[in-house]
Amino acid sequence: MNLTEFNQSDLCEHFSCPERSGSPAVYILLYVCSAAVVLLTVCGNLLVIISVLHFKQLHTATNMLVLSLAVSDFLVGALVMPPMFIWMIESCWIFDTEYCLCFMITSFILVNLSIYNVALIAVDRYSALSNPFLYTNTISRRTMCIVIYCNWCVCLVYNTSLYYFNGSFASSVMCPGECLVILNQFLFAIDLAVSFIFPLSVIIMLYTRVFVIAKKHATAIRELNNHTRPKTQKITSHSMKSERKAAKVLGILVSVFLMCLLPYFIYSVLGDVIEVQTESFHKFVVLLYLNSTINPVIYGLFYPWFRRCIKLTLTLKIFQTDSSLINVLS
């Protein structure tokens with residue numbers, strides 16, 4: 001999750017605070033655009049949180065994972081994006097050392113949470129498709145909540161321990177105007193495996209299996225249609241469409257996730273053999289955080305239940321009596 005170990009003098013040479021250039025109008029526009037992204041991230045994920053928590057029909061094991069992902073994305077928008085955008089626009093870390101350390105650890109914890117939430121969703125979808133009877137009998141909402149709680153605790157302990165044993169609590173800002181946490185080579189290798197290689201391998205492998213299973217189901221339904229009456233054929237065709245749509249949404253979510261994630265990790269791995277520039281570093285980090293903005297947009301585009309929940313929330317109908325019992329899935 002971090003840059004590899006460099007010589008401190010080289011770091012300070014590459015990461016330096018340049019003189020502020022450009023017209024005030026450009027800076028105002030940059031701050032307005034940044035505020036819009038932060039607002040979209042916070043409000044979009046807040047709507048997902050309210051929807052899953054309020055409507056009882058959405059209280060399923062799978063949606064508990066969606067809720068966990070939305071909470072981590074919400075915290076990215078509320079706690080991480082504002083200082084990151086200020087740092088990027090000003091080309092200089094204008095806050096103190098203590099806040100730099102809190103910012104770095106918080107961002108790494110939340111990014112890890114997002115990665116493992118997506119990995120857990122992959123495990124959940126694969127389990128539900130490969131063995132639906134076992135999944136229904138063993139995976140309850142309470143069980144999923146315990147899994148999510150453990151995921152949050154492990155990510156918190158892991159990232160805190162990582163920087164404690166690295167000695168980064170002693171000194172975080174290594175150069176004037178910059179906020180850098182540098183892992184030694186051994187811890188960097190461990191973090192790369194734990195935060196990137198393992199979860200990404202799980203995500204890619206399981207989602208590949210999900211698509212294969214969905215294709216088999218679609219083939220089976222198509223064959224069944226050839227031996228059924230028109231009425232039944234209409235029902236099974238609808239089921240086939242639903243499965244294809246679910247597979248399509250999963251593919252879009254994972255593709256966007258990988259597009260946002262891969263550049264940052266590739267840059268981190270190659271940081272010791274390419275010229276490290278602050279502007280490039282900022283761009284890859286911002287792209288990583290933008291995944292938290294895009295997720296609720298994808299929900300809104302492809303999930304009708306989310307659009308219904310948004311309408312009910314914005315029209316304040318969720319404050320009406322028994323509004324939590326409204327059918328949002330039909």
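Axes are lines fitted to C-alpha atoms, for helices over the stretch in contact, and angles run from 0 to 180 degrees between N-to-C directions. Helices (H or I, at least four residues) and strands (E, at least two) are DSSP runs, numbered from the N terminus. The model is predicted: local features need pLDDT of at least 70, side-chain atom pairs count only at pLDDT 80 or more, and totals for chains, interfaces and linings use all residues. Residues are numbered from 1 along each chain as its sequence is written, and side-chain values use heavy atoms, with hydrogens and water left out.

**Exercise 1. Determine how H3 and H4 are oriented relative to each other.**

Step 1. The axes of H3 and helix H4 (residues 97-130) come within 9 Å and cross at roughly 155°.

Step 2. H3 is therefore roughly antiparallel to H4. In this classification, angles under 35 degrees count as roughly parallel, over 145 as roughly antiparallel, 65 to 115 as roughly perpendicular and the rest as oblique.

Step 3. The crossing of H3 and H4 is left-handed. A crossing is left-handed if the near helix is turned anticlockwise from the far one by less than a right angle, and right-handed if clockwise.

Step 4. The contact of H3 with H4 comprises 17 nonpolar, seven polar and three charged residues. Here Ala, Val, Leu, Ile, Met, Phe, Trp, Tyr, Cys and Pro count as nonpolar, Asp, Glu, Lys and Arg as charged, and the others, Gly among them, as polar.

**Exercise 2. Describe the packing of H3 and H6.**

Step 1. Helix H3 (residues 61-90) and helix H6 (residues 141-165) have axes that come within 8 Å and cross at roughly 30°.

Step 2. This angle makes H3 roughly parallel to H6, and their crossing is right-handed.

Step 3. From H3, residues including Met64, Val71 and Leu75 take part in the contact, and the H6 side includes Arg141, Ile148 and Trp152. Contact means heavy atoms within 4.5 Å.

Step 4. By class, nine residues of the contact of H3 with H6 are nonpolar, two are polar and one is charged.

**Exercise 3. Describe the packing of H2 and H10, and locate Ile50 within it.**

Step 1. Helix H2 (residues 24-54) packs against helix H10 (residues 304-314) at an angle of about 95°, with the axes 10 Å apart.

Step 2. H2 is therefore roughly perpendicular to H10.

Step 3. Not counting residues up to four places away in sequence, Ile50 touches Thr313 and Ile318. Ile50 and Thr313 are 263 residues apart along the chain, yet their C-alpha atoms are separated by 8.1 Å.

**Exercise 4. Relate the UniProt feature "transmembrane region" to the model.**

Step 1. The unreviewed UniProt entry places this feature at spans including residues 28-53 and 65-89.

Step 2. Residues 28-53 are 100% helix and 0% strand, with end C-alpha atoms 37 Å apart.

Step 3. Residues 65-89 are likewise 100% helix and 0% strand, and their end C-alpha atoms lie 34 Å apart.

Step 4. The protein chain has 10 helices and zero strands, and 45% of its 330 residues count as buried.

Definitions and conventions:
UniProt positions renumbered as here; feature names shortened; annotations may be inferred. Buried < 20%, exposed > 50% of the residue type's maximum accessible area, 1.4 Å probe, protein only.
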